[in-house]
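Please look over the structure shown here before reading on. The notes after it are meant for someone meeting this model for the first time.

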Amino acid sequence: MPTPEKTTRVPKYRKHANGQAIVSIRGKRIYLGKHNTPESRERYAAEIRKLNLPAPAYKPVEPPGPDYTVVELAAAYLDHAEGYYRKHGEPTETLGEVKRSLTLLSDHYGDCTVAEFGPLKLTHLQSVLVAGRLARSTVNDRIRIIQRAFRWGTKQELVPPGVYHGLAAVEGLRKGRTEVKEAEPVLPVDDEVVDVTLPFLSPVVADMIRFQRYTGARPGEVCAVRPGDVDRSGEIWTYVPGRHKGEHHGRRRIVCIGPKAQAILQRYLLRPADAYCFSPRESEEKRLAALHEQRKTPLSCGNAPGSNRRRWPRRRAGSHYTTHSYRRAVERAVEKLNAHLVDQAEKAGDPAPEPVPTWAPNQLRHSAGTEIRKKFGLEAAQVTLGHAKANVTEVYAERDLKLATEVAKRIG
């Protein structure tokens, strides 16, 4: 058996979100005990010596002095957040909000000491966000992140305890008590809009749209489906996502797959159990194959298939879609659809048509919730969508204007 390649870089001593110290050696994560204790440092040194590398000298962390600044706290909290806000090794969307919030804090009060940062300064940052015309919920989220950074700093004895208690007194903006705009609600997308968009999508993404509409799954769950995650033993298949929105709360998510969704997914199951069903790489291969079939230039002339591709492209098609690439594919399809409608109108000499509104995959989930709630009730919608609380389901399913119109016809 060949010996592993000798490691020349000393693996880093890091802090895990659970408070323990860890070190990763050749892909294996080793827990060392409570972070920043002599015992964990000694075990870390022992693990490094096994690699025939000199262990870094242990330097105890001294408590910060009175000149400890806000920008230093922001840097320390960001280092913590980059390890904490991750799922399956990938950063979550929350990490992006943390970075934006800490950038705002550092830009305005980076040179200020943490002891001097009080409620008035935090209220000023709140007004800066309001002046930036952000939605009320976004303003409140970013202020809470800054408060959370000081709370974490208090726990790490980087911030005097009284500072966080003062910042906690700053309340979020309340609905109806401020002129700041409200976030636009996510409404269901009409099936007619989806149907006219499908021809402008790649076959793979079009099937993702249909599968999501039939199941009510989240966009991330659609992107992550694999054959090994689908139980096909019963009449109704069940899909247990390996990752989902509420997994860090210990909740289990099961997506039921009926006959219509089964017919779509069936075409993507003949692959390894751990391979993703909906693959951008596969979608790109199908697109190139379709272009080749439409080719009019003889093969003896022009470029041969694959000969005009970049050897080192800046971006390569991945093994699976992300929620961002999935949403972007839909947005581009709507752009192509609207351009096609304008082109048709110009050729016919007609006025420009009303553009088809841009929509996102998450609206399909709202559409499914609305339909299920209307036909089977709130509890059925809650179970199907995987919500822990019924009031969350009401946001998805209580916006059916057609149903309200029918009620008005009957009783009004």
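What follows is a short briefing, grouped by topic.

The model is predicted, and its protein chain has an average pLDDT of 80, with 74% of the residues scoring at least 70. Where pLDDT is low, the predicted coordinates should not be read in detail.

**Confidence**

- Over residues 390–395 pLDDT stays under 50, and for this stretch the model has eleven contacts beyond four places in sequence.

**Nonpolar cores**

- The largest nonpolar core holds 39 residues, and those that touch the most other members are M208, I209, F211, I257, L265, F278 and W359.
- Several elements give two or more residues to this core, among them the helices α8 (203–215), α10 (259–265) and α12 (323–348), and the strands β7 (237–239) and β8 (255–257).
- Apart from neighbours within four places in sequence, L265 is in contact with F211, V225, V230, W237, I257, C277 and F278.

- Three strands form an open sheet in the order β1-β2-β3, and their pairing is antiparallel.
- Because β1 (14–15) and β3 (28–34) each have a single partner strand, they stand at the edges, and one side of each is left without a neighbour in the sheet.
- Strand β2 (residues 20–25) runs antiparallel to β3 and is joined to β3 by six bridges, and S24 has R29 in β3 as its bridge partner.
- Helix α1 (residues 38–49) lies across β2 and β3, and runs at about 150° to β3.

**Salt bridges**

- Side chains of opposite charge can pair when their charged atoms come close, and a search of the whole structure finds 15 salt bridges.
- E182 and R136 meet through their side chains in a salt bridge of 2.7 Å, N to O, and this pair links distant parts of the chain, with E182 in the loop between α6 (161–168) and α7, and R136 in helix α5 (residues 136–155), 46 residues apart.
- In that pair E182 counts as partly exposed, at 33% relative accessibility, whereas R136 counts as buried, at 16%.
- E47 forms a salt bridge with K50, where the closest N and O atoms are 3.5 Å apart; E47 is buried, with a relative accessible area of 11%, while K50 is exposed, at 60%.
- E171 and R174 also meet in a salt bridge, at 3.6 Å from N to O, and E171 counts as exposed at 52% relative accessibility.
- A network of salt bridges links R327, R328, E331 and E335.

Note on methods: Residues numbered from 1 in each chain as written. Heavy atoms only, no water. Core = buried A, V, L, I, M, F, W, Y, C linked by side-chain atoms within 4.5 Å. Buried < 20%, exposed > 50% of the residue type's maximum accessible area, 1.4 Å probe, protein only. Helix = DSSP H or I, 4+ residues; strand = E, 2+ residues; numbered from the N terminus. Contact = heavy atoms within 4.5 Å. pLDDT = per-residue confidence, 0-100. Pairing = 2+ DSSP bridges. Axes fitted to C-alpha atoms, helices over the stretch in contact; angles between N-to-C directions. Salt bridge = Lys/Arg side-chain N within 4 Å of Asp/Glu carboxyl O.
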